[in-house]
Amino acid sequence: MNIDLDGSVSSTTYALSKLQLGGQETVSVGADLTKISGPDSAIYYSDLVPTALVLDLQEYLSDTALLLERRTGTKMGQIPDLFLMANRELMEDVGLATGVILGFEDGYYKNYGARPSIYMRTGLQSTVVRRLLVHEYVHLVFDKLANGQRLAAWLAEGLSGYYEYEIALSGPRPNATLLRQFSAGVEARAAAQAGNLFPLASLDHRSDWNNRAGEEQISLQYAETYMAVRYLNETYGPLAAKETVDEIGRGFGLPDSIEFVTGLELSVFEPQFNRWLSDWEDPVRASITQYLSALETLLADQNAILDQRSRDLSIRTSAGNAAIRRASRLAETEELVDRAQGLSPSEGALDLHREAQEYLDRILDWLTLEFQYADSVDDFYRVAANGMIPE
């Protein structure tokens, strides 16, 4: 590999070899799959699924179980087996062999019949593959909490979406997940504002969920149910949705369980959720927006100072007056730097804040050199100031 850094080339050599695993066997489940047994569960994977990804997902599933255990206060139990297929065609073949007709989903889980496991395809971006794994695992966890009682599709899918994002934000490349999470919120809010949300009753049964067609409808039902669970947890406590499942697992229906957790009948809970969603603003984005508003004011004031500097240069005056004008621009910029230091950026705006401070500091250095030249008429300061212009 040649590494070129500003014209300086370094060369290094890497030896690549296939990752070797012991204890493998080939099994046929609608397609030929390789099976490896781990400490917690077995993984079956097709050709074209990288061995390194198999091991990564095995570890990621174990880590996910630990994180969910801490966040929900629920013992996770046995880690399920995992079936990884390289593409959709292989998923369909394996699905038919295990009694599942694949719909629009890229993954599913089975808690019944032959080979109860998580099934998913891997020919996706790595962050999407990890979120998909978490999504299906959460389904399995909350189905167990329901003790065989049926969960409304909107609650089950909302929980999977909610923890899919929660867990992914603790993993690699969290910004990729933040984008998806924010987009889901914006999509659901737009539907609420337009009066186009699905009634929760139409998101109750799995058959209705699976029968929806069209990318927009499928995307909206996922976004809406995620926000419904987010509303539950942000309004009635961080475990409100899980407590609703607990009540269902004790034999109570969805309306009674919602009322027990929220104090509201389901017929009242739903319109309140709709109103909350219509007014919703992502808290991370809101804090960044507030910072950007303050920063834009600072930059507008800085531009006004630079415009005045240009006008100062166009006026023929004495050396003493020129120094006074430059001193005024310098003092104004010093005040801007102080104002910038007084801003309190949110975590999401920290990098931008550092860049803004660096920019204002460099403007201050530049105007300082210009003032020193006007005050001393020493050409060293003029050359240094002019040297900063490209910067």
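## Strand S8 and its neighbours

How many bridges join strand S7 to S8, and do they run parallel or antiparallel? In this predicted model, S7 (residues 107-109) and S8 are joined by three bridges and run antiparallel. Within this pairing, glycine 107 sits opposite methionine 120 of S8.

S8 also pairs with strand S6, which spans residues 81-85. Here the sense is parallel, and five bridges hold the pairing.

## How covered is S8?

Strand S8 takes in residues 117-121, and five of its five residues are buried. As a general point, side chains in a regular strand alternate between the two faces of the sheet. For S8, one side carries Ser117, Tyr119 and Arg121, while Ile118 and Met120 are on the other. Both faces are covered, with the residues on each side all buried.

## Histidine 135 in helix H3

Now let us turn to a helix. Histidine 135 belongs to H3, which covers residues 126-145. Is histidine 135 buried or exposed? Its relative accessible area is 6%, which is under the 20% cut-off, so histidine 135 counts as buried.

What does the side chain of histidine 135 make a polar contact with? The partner is the side chain of glutamate 157, at 3.0 Å. Leaving aside residues up to four places away in sequence, histidine 135 touches Glu157, Ser160, Gly161, Glu164 and Tyr222.

Definitions and conventions. Residues numbered from 1 in each chain as written. Predicted model: local features only at pLDDT ≥ 70, side-chain atom pairs only at ≥ 80, totals over all residues. Heavy atoms only, no water. Buried < 20%, exposed > 50% of the residue type's maximum accessible area, 1.4 Å probe, protein only. Helix = DSSP H or I, 4+ residues; strand = E, 2+ residues; numbered from the N terminus. Pairing = 2+ DSSP bridges. Polar contact = N/O pair within 3.5 Å; in protein donor to acceptor, adjacent residues only side chain to side chain. Contact = heavy atoms within 4.5 Å.
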